[in-house]
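Could you walk me through this protein model, in plain words and grouped by topic?

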Amino acid sequence: MTTNMGKLDRTLRILIAAMLLYLALGTSVLGAGLLFWLALIVASVFTLTAFVGNCPLYRIVGLKTCQDC
C-alpha cells in the first residue's frame, strides 16, 4: 500500500480524531444518538488512515498531500 498522505495531513487527522473522541466520550455535547456514533466512526477512520498513511478517498480523487511520494 502506497503512502498518499503527508505529515501535516496525518497530524491534523490525529488531532481532529482526538477532539471528536473527547467530544463523544468526555462530554455530553453530542448526546448518545446519531452524532455520538458518527463522531466515533469518523475518529476511528481518521486514526486508522493517519497511522497507515493512506487515504482511499485520496486515491479515488487522485490527490496526494505528501511531497516525496
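Here is a short briefing on the model shown above.

This is a predicted model, so local features need pLDDT of at least 70 and side-chain atom pairs count only at pLDDT 80 or more, while totals for chains, interfaces and linings use all residues. Residues are numbered from 1 along each chain as its sequence is written, and side-chain values use heavy atoms, with hydrogens and water left out.

**Overall build**
- The protein chain has three helices and zero strands; helices (H or I, at least four residues) and strands (E, at least two) are DSSP runs, numbered from the N terminus.
- Going along the sequence, you get the pattern α-α-α.
- Along its principal axes, the C-alpha trace of the protein chain spans about 40 × 20 × 15 Å.

**Surface and packing**
- Of the 69 residues in the protein chain, 29% count as buried; buried means under 20% relative accessible area, exposed over 50%, and partly exposed in between (1.4 Å probe, protein chains only).
- The protein chain exposes about 5000 Å², and 72% of that comes from carbon and sulfur atoms; accessible areas come from the Shrake-Rupley method with a 1.4 Å probe, and for residues only the protein chains shown count as cover.
- Take the contacts (heavy atoms within 4.5 Å) between residues at least 6 apart in sequence: 69% of them join residues at least 24 apart.

**Arg13 and Thr49**
- Arg13 sits in helix 1 and is buried, with a relative accessible area of 9%.
- Leaving out neighbours within four places in sequence, Arg13 is in contact with Met5, Phe46, Thr49, Ala50, Cys55 and Tyr58.
- Thr49 belongs to helix 2 (residues 34-52) and is buried too, at a relative accessible area of 7%.
- In sequence, Thr49 and Arg13 are 36 residues apart, yet C-alpha to C-alpha they are 8.2 Å apart in space.
- Besides Arg13, Thr49 touches Met5, Asn54, Cys55 and Pro56, again not counting residues up to four places away in sequence.

**Leu15**
- Leu15 is also found in helix 1 (residues 7-26), but Leu15 is exposed, with a relative accessible area of 53%.
- Leu15 and Val29 are 14 residues apart along the chain, and their C-alpha atoms are separated by 18 Å.

**Cysteines**
- A disulfide is a covalent bond between the sulfur atoms of two cysteines.
- With the rule that a disulfide is a pair of cysteine sulfur atoms within 2.5 Å, the count here comes to zero disulfides.
- Cys55 is in no disulfide, and the nearest cysteine sulfur, that of Cys66, is 12 Å away.
- Cys55 is buried, with a relative accessible area of 6%.

**The largest pocket**
- A pocket is an open set of points on a 1 Å grid over the protein atoms alone, where a 1.4 Å probe fits, with protein on both sides within 12 Å along at least five of seven lines.
- About 160 Å³ of space lies in the largest pocket; grid points are joined across faces, edges and corners, and a volume is the space filled by probe spheres set on the points.
- Its lining residues (those with an atom within 4 Å of a point) are Thr3, Met5, Gly6, Lys7, Thr65, Cys66, Gln67, Asp68 and Cys69.
- The lining of the largest pocket splits into three nonpolar, four polar and two charged residues; Ala, Val, Leu, Ile, Met, Phe, Trp, Tyr, Cys and Pro count as nonpolar, Asp, Glu, Lys and Arg as charged, and the others, Gly among them, as polar.
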